Every structure is written in structure tokens, then in C-alpha cells.
Amino acid sequence: MTAVPPPAPGEPPPPQRGLTREEHGRDVSAAQAEAEAETSTGMKMLKSMSLRFVLSQAEGYPVVIKQFLQFCLILIYPAWVFGILAMAAIYYAILLPGYYVLLAVGWVVFWPLRMQQKKKNPEEYEEYRKKYWRR
Amino acid sequence: MQAIVATDKPIDKVSVATLEWGYTNFYRYRWAGRADAAAAAGNDSWLMMDQVGTDAGSEKDTEDWVAVTKVELPIGTSEFTGGSSSFTVPSWAPGSSDALARWSARVTIERGGRDIDARADFTVVIGTDDLQVTDAPPLRTGGDGDTELDIVVPSLVFRAGETVSGSVVLTPRKDMSDAELGIYWCWNRSSHPLVRTPAAGGGGKSGQTIKLGKGIPLRDGTPITVPFAVPLPGDAPPTGEAVHSSLTWFLEASMMYSKWTQGIEKVRRQIVVVNAP
């Protein structure tokens with residue numbers, strides 16, 4: 001519902017209004033937006049490891065507080081890099097292989113079910129195959 | 001509206017004297033950092049609730065002056081002795097309230113020496129005839145919609161202090177357990193500053209729930225109408241849209257099924273509140 005007053009002639013136009021949080025979209029720094037735009041997890045991690053990304057986390061704070069926060073961020077920067085490297089190690093050593101292992105196990109476990117589905121509903125099966133299986 | 005600026009004695013060394021008509025707009029904004037920064041991730045999680053270093057306190061209330069008309073007051077030979085100006089409140093003006101806007105005439109005198117800033121406040125009241133209202137459908141704010149709630153009101157515009165009489169129509173989509181129904185008024189302020197980062201929410205207030213009935217049977221195909229009367233507060237801030245924030249009024253009906261697994265249903269209907277006596 002909108003409450004629109006009737007326009008009156010010869011009056012100043014209403015001043016421009018601003019945007020709400022929802023209308024603005026995501027509120028992030030340029031460096032973070034770049035990192036988030038990457039599609040691969042590896043590139044995302046690499047970009048968020050940069051000093052520029054870490055320093056940009058203090059963006060939007062008032063002057064002095066921002067510089068103090070950036071000083072603190074520089075102090076913790078080695079820990080930040082180590083943290084991301086640890087995350088990358090876990091991701092590439094456990095999570096990613098784990099995903100494929102689970103996929104393979106599931107493939108074998110659900111083999112009979114899939115074959116039954118193929119026999120009973122061949123059209124649906126073919127449709128599903130086209131939609132979800134990557135070549 | 002007429003403003004007269006008077007001085008006890010002439011003010012000297014004046015370079016510019018301006019009189020501004022406008023309002024002080026109240027709103028909330030975010031002062032501390034980017035809302036979606038990676039460093040702030042997890043702040044909203046259940047685990048981090050109330051903890052030091054999280055997002056609590058990152059938003060605060062503030063106010064900004066919005067000038068509608070600016071008038072240069074005549075100054076003689078760099079000496080200001082007084083002046084006057086008249087102003088017609090525009091039709092789109094947001095009504096005066098502590099939540100949205102405080103209208104005033106403001107004089108600023110720039111001079112060699114201490115500048116002078118003075119203001120006089122006035123109240124803008126919104127009347128029923130000042131608005132053209134278009135209706136919006138009621139909005140479901142909670143529940144699964146197994147029972148459709150409709151809030152029927154005789155008109156869309158109400159005066160502060162008036163009692164809103166209407167009815168809630170309950171239309172069950174299937175057999176449900178008995179219901180307990182309540183209704184209350186609420187207003188929300190949304191924050192949309194021009195320059196600053198808006199706060200996620202702008203604040204608001206809601207009235208006490210008025211209980212309308214208990215054990216209301218909800219059977220498929222039998223809609224039930226429950227009448228209600230909700231008194232609006234006498235000092236209700238009027239509906240309005242300003243530059244940095246706007247204020248919206250609702251009636252919200254809240255229904256609870258007696259079987260707790262069926263949950264609740266909540267529907268809000270937008271109304272317009274004016275403050276002209």
C-alpha cells in the first residue's frame with residue numbers, strides 16, 4: 001500500500017530518498033567482492049589470502065578506528081594466512097577426496113536401485129541422466 | 001506559515017544569513033564497518049550471541065537535517081537586524097513525530113566571529129483528506145497458510161487514538177485443531193539514508209495483543225468471522241515517507257493452533273495512521 005498525497009501545483013518536488021539495506025544488495029569491500037566472484041574454491045581461498053583483502057575488512061569504520069583495526073589486522077595477518085592454508089589443506093586432503101569417495105560408494109550401493117529404475121521408468125531415467133550427470 | 005526572525009540588537013560582520021524550512025529526519029544507520037564483511041561472518045550465529053566483538057552495537061540512531069526551502073535573508077551593510085519568510089507545507093510532507101520528522105525553520109548566520117544558528121519548531125499534522133491511499137493485499141508473516149487469515153477493516157485510514165473496528169476472517173484449507181486468536185497494532189520504521197549505510201532494521205513498536213477468542217473450531221469449508229476492536233495510541237506517529245526513513249503501520253493477527261505441532265499463523269495488513277485531530 002502506498003499513501004500518495006494528491007500533487008499540488010507550485011510546490012517544491014519531494015527530495016530524493018535513499019535505499020534500504022535490501023535495495024543496496026550485499027555490503028562488502030571491493031576486495032571481498034572480487035574474491036566472492038571467483039567460482040573455484042581454490043581461487044577464492046587464494047584471493048582472500050591477500051593483504052588487501054584482510055585490510056579491507058576494516059573498511060566502513062570511522063577514521064582512527066579503521067587505522068587501529070588495520071594495525072591489528074596486520075598483526076594477525078600471519079595467523080590469517082596460516083588459517084587459510086590449514087583450511088585449504090583440510091579441503092584438498094579430506095573434504096574434496098571425501099566427496100568423491102562418498103560419491104563412488106553411493107554409486108555402488110545404489111547400483112541395483114538404479115538398474116531397477118532404468119528398467120521400470122526408462123524415460124524418466126534418461127531425463128534424469130541428461131539433467132544431472134556430467135559428461 | 002510565517003517565520004519572523006528578530007534580534008535583540010543588530011548582528012555585525014555578517015556575510016550570509018539564510019533561513020531554511022525543513023525537517024530533522026530521525027533514522028538508524030550502521031556506523032561500524034561493512035555489514036557483510038568476511039570478518040563479521042558468524043556474528044549472527046547462535047553460538048556467538050551476546051559475545052564481545054560481535055555485531056551488537058554496530059547500528060545507532062541518528063538525525064539529519066533535510067532542507068525543503070532555502071531563503072536568503074537581506075543583510076544591510078554586513079549587519080543583520082531581522083527578517084521574515086513564509087512557507088507552505090508541501091503535500092508530500094511527512095507528519096511530525098518523534099519517530100520520523102521534526103519540522104522547523106532554521107536560521108544560520110555566517111559571520112566574522114561566532115556563527116549563529118537558531119531554530120523554531122512547528123508541528124505538521126496529516127489529515128484524512130491529505131492522502132490518496134491504494135490498498136495492498138494482506139501479507140503472511142508466519143505459518144504455513146493451512147488457515148487463511150484476512151483482516152477486514154472498514155477503511156484504510158485511521159486517526160491516532162481512534163479505535164479500529166473490523167473483523168478477522170479465518171478460512172481453513174483443511175481440518176485443523178481449534179485456534180486461539182489475537183490481534184495488535186504495530187508500526188515499523190525502515191531506514192534508507194541517502195549517504196550513510198542503512199541499518200538492517202529501523203525500529204518500531206507494537207501494542208498489546210488483544211485476545212479475540214479461544215477454542216475457535218477450524219473445519220474445512222467453514223470460514224469463521226471474528227470481530228475485533230483495536231484502540232490506536234493517542235500519540236501514534238503518523239504514516240509517512242521522509243528522505244532517510246519511512247514509517248509504516250500494520251494490524252497483525254496472530255493465531256495459534258491448540259495442537260502445538262501445527263504451529264501458528266500470522267498475517268499483517270497495512271493501514272495508514274494520520275495525526276490530525
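Tutor: Around B:Ala253

Leaving aside residues up to four places away in sequence, B:Ala253 touches B:Leu149, B:Ile151, B:Val168, B:Leu181, B:Ile183 and B:Val267, where contact means that the C-beta atoms, placed from the backbone, lie within 7 Å. This is a predicted model, in which local features need pLDDT of at least 70 and side-chain atom pairs count only at pLDDT 80 or more, while totals for chains, interfaces and linings use all residues. Residues are numbered from 1 along each chain as its sequence is written, and chains are lettered from A and ligands numbered from 1 in the order in which they are written.

B:Ala253 is, together with B:Val168 and B:Val273, among the residues with the most contacts inside the largest nonpolar core, which has 45 residues. Such a core is a set of buried Ala, Val, Leu, Ile, Met, Phe, Trp, Tyr and Cys residues joined through C-beta atoms within 7 Å, and a residue is buried if 20 or more other C-beta atoms lie within 10 Å of its own, exposed if 12 or fewer, and partly exposed in between. Because domain 1 (2-122) and domain 2 (131-274) of chain B both give residues to this core, it lies between them; the domain bounds come from an automatic or database domain assignment. A second, separate core of eight residues includes B:Ala17, B:Trp21, B:Phe80 and B:Ala105.

The C-alpha centres of the two domains of chain B lie 33 Å apart, and 18 residues of domain 1 of chain B are in contact with 18 residues of domain 2 of chain B. On the domain 1 side of this contact, β2 (14-30) and β3 of chain B each supply at least two residues, and the largest share, seven residues, comes from β2(B); strands here are DSSP runs (E, at least two residues), numbered from the N terminus. That side divides into ten nonpolar, three polar and five charged residues, with Ala, Val, Leu, Ile, Met, Phe, Trp, Tyr, Cys and Pro counted as nonpolar, Asp, Glu, Lys and Arg as charged, and the others, Gly among them, as polar.

Chain B also holds an open sheet of three strands in the order β9-β11-β16, with antiparallel pairing, where two strands pair if DSSP finds at least two bridges between them. Its edge strands, each pairing on one side only, are β9 (147-152) and β16 (224-231) of chain B. Between β9(B) and β11 (residues 163-172) of chain B, the antiparallel pairing runs over six bridges, and B:Glu148 stands opposite B:Thr171 in β11(B).

Conventions:
Helix = DSSP H or I, 4+ residues; strand = E, 2+ residues; numbered from the N terminus. Contact = placed C-beta atoms within 7 Å.
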